[in-house]
Amino acid sequence: MTTFVSTEWVSERVGTPGFLIIDTRSAMRYLMGHLRGAVSLPLRKLTGPTGRLLAPEELASAFGSVGLGDHETPVLYDQTDGRNAAFMAWCLEYLGRNDVHVMEVVFDNWKGEGKEVLYRPVPVEARQFTANVNPAVRAELGDVSAGGLKLVDVRTKEEYNGESEADEKPGHIPGAVNVVWQELVGADGQLQCAPDVARQVLQAANISQDDQIVTYCKVGARAAVGYQALKRLGYNVRLYDASYAEWEQSGLPVER
């Protein structure tokens, strides 16, 4: 499970052996300023040319290449809406890690607090990362098409209603409810909204603690924001990382 932590918690562990701070933003943003000791691992390095998630052994290699081994605790941070960190944290959960931490505010908040920011890339030392795949956090096409799940589409209302020109087959997976992912993002640089706000949003969509929930979006990152919000509140939730991009190409029906 992923734990969201304060800037003070992170600050106390900067430079501490056994912790690896990972900047999930783009390489360009990393060079514009990053935490001391932070290594750069842009989210795109965890997906293939079509945006699909890499195989577990490839994911393990990507994390190991930046210095995350079996004995280092990962501490992630992000920008804007937190979708990169949310998805990377889910990837680590999928690979069997239960020690994932995410800084609860964006990098600009860290900088705004006057905390240390460096600009030179941090040298990395590759380590052995062992993947122990946890299938319980991931949903695949067969799971979703079989039915019996509470599908939560976290895309925009326009995408959900089939009003977006970006989709080959506009609409949503039949039976899915819509919770726009941005409703679960906090204000003032907080990556997650307050728990009581999230509960109200989920209750309005008739999502129950008894449901077996699967979140999805277009290619997985936005769905990870929903996944993390639901997981934090104790819901039984999985992420369909291939999401609507796979569904619309599958030949299965869509609703509008």
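The charged end of Arg 155 sits over the ring of Tyr 244, 4.2 Å from the ring centre. A charge is taken to sit over a ring if NZ of Lys or CZ of Arg is within 6 Å of the ring centre and within 35 degrees of the ring normal. Arg 25 likewise lies over the face of Phe 107, at 4.3 Å from the centre of that ring. The model is predicted, and local features need pLDDT of at least 70, side-chain atom pairs count only at pLDDT 80 or more, and totals for chains, interfaces and linings use all residues. Residues are numbered from 1 along each chain as its sequence is written, and side-chain values use heavy atoms, with hydrogens and water left out.

The structure holds 5 aromatic pairs. Rings of Phe, Tyr and Trp (for Trp, the six-membered ring) pair if their centres lie within 6.5 Å; planes under 30 degrees apart count as stacked, over 60 as edge-to-face and the rest as tilted. One of these pairs is formed by Phe 87 and Trp 90, which is tilted, with 5.5 Å from centre to centre and 35° between the planes. Both residues lie in helix H4 (residues 83–94), 3 residues apart, about one turn of the helix. Helices (H or I, at least four residues) and strands (E, at least two) are DSSP runs, numbered from the N terminus. Trp 90 also pairs with Tyr 94: the ring centres are 5.6 Å apart and the planes are at 5°, so this pair is stacked. Trp 90 and Tyr 94 are 4 residues apart in helix H4, again about one helical turn. Phe 87, Trp 90 and Tyr 94 form one aromatic cluster.

The relative accessible area is 3% for Phe 87, 0% for Trp 90 and 7% for Tyr 94.

The largest nonpolar core has 59 residues, and those with the most contacts inside it include Phe 63, Phe 87 and Trp 90. Such a core is a set of buried Ala, Val, Leu, Ile, Met, Phe, Trp, Tyr and Cys residues joined through side-chain atoms within 4.5 Å. Helix H4 gives the most to this core, with 9 residues. Leaving aside neighbours within four places in sequence, Phe 87 is in contact (heavy atoms within 4.5 Å) with residues including Leu 43, Leu 53, Ala 224 and Leu 239.

Phe 63 lies in helix H3 and is buried, at 0% relative accessibility. Beyond its neighbours within four places in sequence, Phe 63 is in contact with Leu 41, Leu 46, Leu 68, Met 88, Cys 91, Leu 92, Leu 95 and Phe 129. Phe 63 and Ala 126 are 63 residues apart in sequence, and their C-alpha atoms are 8.6 Å apart in space. In soluble globular proteins, nonpolar side chains tend to be buried together.

Conventions: Buried means under 20% relative accessible area, exposed over 50%, partly exposed in between (1.4 Å probe, protein chains only).
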